[in-house]
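Hi there,

Here is the structure I promised to pass on. Have a look at it first, and my notes follow below.

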Amino acid sequence: MLRLGSKYGHLVHSSGCGCFNPDLQKASRRLEAFSRRSFLSGLGATTIAGVLAKPVFAQTAAPPSKILFREVRLFDGKSGTVKDGAQILVENNRISGIDMTNAPAPSDARVVGCRNGVLMPGLIDAHWHTIFAAVPLNILLNGDPGIIFAASTAEADRTLMRGFTTVRDLGGPSFSFKQAIDAGMIPGPRIFPAGAMITTSGGHGDLRLPSEIPRDGGKLSKGELLGGSAIVDSIDDLKMRIREQLLQGASQIKLVGGGGVSSPRSPLDMVTFSEDELRAGVEVAQDWNTYVTVHAYTPRAVQRALAAGVTCVEHGHLMDEETARMIAEKGVWLSMQPFLTMEDAASASGPGVERAKQLFAGTPRVYDFVRKYGIKTGWGSDVLFSPELGPRQNVMLTHLANWYKNAEVLQIATSVNAELLGLSNLRNPYPGKIGVIEEGAFADLLVVDGNPVDDIRLLEDPQKNFTVIVKDGRLHKNIL
């Protein structure tokens, strides 16, 4: 098992954490045996699968073929209301029946009495960084891959235990990690991966060290070797890097249209790709039957992305009303993060603090535009480079209650975000319905002790209030 010592010990939980499971310790020792390149190449998960004779987690063993959840109040993710007296039948990994008549349980079904809790779809975070969420930037760029992936493994489990059964990963080497989760070797949410965020020199995502500038021919920086970013300055290189992410299994492509908060040398006001370059990227993604989302904060960066035909804009906190109107007219999605105070950006330092304050000021204005113009808007937390921020993922969601009714908040984090993720079209790694409770949908669901339509802050304490967590038909938590 990895020994992190006092310097890195904050990256994982104490002895009460699931990462102290003997099977996980065994898996971690095996992971250490693999080189950085073999793990990140996408072969790591396949190789490990051959080494392990069975899944390492008891909760990922083959579930009962049928589970009946009785005595539930139902929030289906769409209707906006809670229905009393429901029972939900799960067969394998799908919802096979919704009954309001209290019919007898099938003789071969496991019955879980939910004590009148609210059963709802699993939560979806549309802007997450599976590998980067809990690990400080200096460790990502200089630490051993074993530390990085051990910390990310623990964080993936915690993400699932916070009720997030699906995430859209928008930057990071998550392809092999996704394979390990899907194969049942480690617990974690479904991942819609983008792979490396693609930027120009100097843009958000260019985290090269001074010693790596200027570039030495085609030599890649540490961040690029890790798979976190791809730095391109020509249309041909842009197309190549996009195709490389798609080749590895990207469900969507993330292009960086300007500066960012967590990249200290990339000011928020800058723009990166030209309109022609962005359009070339959009065309490559369309050729692969998926879409491009663009990281952009300012009116100029957002409007350039819109002119190039992008499908989604990430952030947009500094946009003006004209830009908001253009987004609505073009039917483009906005993926927003309700940053309000420094508690939502604890990892920001140096120039990042002043930039974060600009986002705090812009957040209420943008949500006013969203409501005024009916912009299609998803939600994401964008937790980055901070083990302290992870537990605020649920709080970031409840911030939406400043602008939406509680039922609308729940809809955004389930069926609305599912619609956004569905834009991956033929690159969708999980063909099927998520974010809803209906027949045929994937069995990703939560049971809440209480009614979040009445009290949205129940979501802020998942350890206490989420009595059942099911992903893909498997019970990962049941304290009933």
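**What I found**

Of the 480 residues in the chain, 60% are buried (under 20% relative accessible area, with exposed over 50% and partly exposed in between; 1.4 Å probe, protein chains only). Please keep in mind that this is a predicted model, where local features need pLDDT of at least 70, side-chain atom pairs count only at pLDDT 80 or more, and totals for chains, interfaces and linings use all residues. Residues are numbered from 1 along each chain as its sequence is written, and side-chain values use heavy atoms, with hydrogens and water left out.

The chain holds 16 helices and 17 strands (DSSP runs numbered from the N terminus: H or I of at least four residues for helices, E of at least two for strands).

The axes of α10 (residues 275–287) and α11 (residues 299–307) come within 8 Å and cross at roughly 50° (axes are lines fitted to C-alpha atoms over the stretch in contact, and angles run from 0 to 180 degrees between N-to-C directions). In α10, E275, L278 and R279 meet R304, A305 and A307 of α11 (contact means heavy atoms within 4.5 Å).

I also looked at A250, in the loop between α9 (235–248) and β10 (253–256). A250 counts as buried because its relative accessibility is 2%. Beyond its neighbours within four places in sequence, A250 is in contact with F175, P193, A194, Q245 and R427. D169 lies 81 residues from A250 in sequence, and their C-alpha atoms are 9.5 Å apart.

Best wishes
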